[in-house]
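Please examine the model shown below before reading on. The paragraphs that follow move from the chain as a whole to its pocket and its surface.

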Amino acid sequence: MASPVPVKEKKLMEVKLGELPGWILMQDFTPKGIAGAFQRGYYRYYNKYINVKKGGFAGISMVLAAYVLFNYCHSYKELKHERLRKYH
């Protein structure tokens, strides 16, 4: 049974496993399309966690945790080198 919504307009969570390759090929991978995807993601995050009537610490803490994780991954090589050095 075919669904009334075209595959291209479905969200990723609504796509069935058999439709996944076709859905991926229909996405826009141009720089403009990728920038639009990041913009949609930013607005979705902003409206869900930041722009709410009763805000909490969840939205800001996720950004802070991602920042800390990114910086740790970025400086892991230096930290690993520092850990292996012997002090005497």
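What is the accessible surface of the chain, and what percentage of this surface belongs to carbon and sulfur atoms? In this predicted model, the accessible surface comes to about 8,600 Å², and carbon and sulfur atoms account for 66% of that area. The chain has 88 residues, and buried residues make up 7% of them. Its secondary structure consists of 4 helices and 0 strands, so that the pattern read along the sequence is α-α-α-α.

The largest pocket holds about 580 Å³ of space, and 17 residues line it. Nearest to the centre of this pocket lie K10, W23, Q27, A37 and R40. Helix α2 supplies the largest share of the lining, with 6 residues. Sorted by class, the lining comprises 7 nonpolar, 7 charged and 3 polar residues.

Are the two partners buried or exposed, or in between? K10 has a relative accessible area of 10% and is therefore buried, since buried means under 20%. E19 has a relative accessible area of 24%, and therefore counts as partly exposed.

Attention may now turn to the surface. Which residues form a nonpolar patch there? The patch consists of Y42, Y43, Y46, I50, F57 and I60, which together have about 630 Å² of accessible area. Helix α2, spanning residues 31-50, contributes the largest share of this patch, namely 4 residues.

F57 is found in the loop between α2 and α3, the latter helix covering residues 58-74. Why does F57 count as exposed? Its relative accessibility is 61%, and exposed means over 50%; F57 therefore counts as exposed.

Technical notes
Residues numbered from 1 in each chain as written. Predicted model: local features only at pLDDT ≥ 70, side-chain atom pairs only at ≥ 80, totals over all residues. Heavy atoms only, no water. Patch = residues over 30% accessible without salt bridge, like charges linked within 9 Å, V, L, I, M, F, W, Y side chains within 5 Å. Areas by Shrake-Rupley, 256 points an atom, 1.4 Å probe, with all protein chains shown as cover. Salt bridge = Lys/Arg side-chain N within 4 Å of Asp/Glu carboxyl O. Helix = DSSP H or I, 4+ residues; strand = E, 2+ residues; numbered from the N terminus. Buried < 20%, exposed > 50% of the residue type's maximum accessible area, 1.4 Å probe, protein only. 1 Å grid on protein atoms, 1.4 Å probe; cavity = no way out; pocket = protein on both sides within 12 Å on 5 of 7 lines; lining within 4 Å. Points joined across faces, edges and corners; volume = space filled by probe spheres on them. Nonpolar A, V, L, I, M, F, W, Y, C, P; charged D, E, K, R; others polar.
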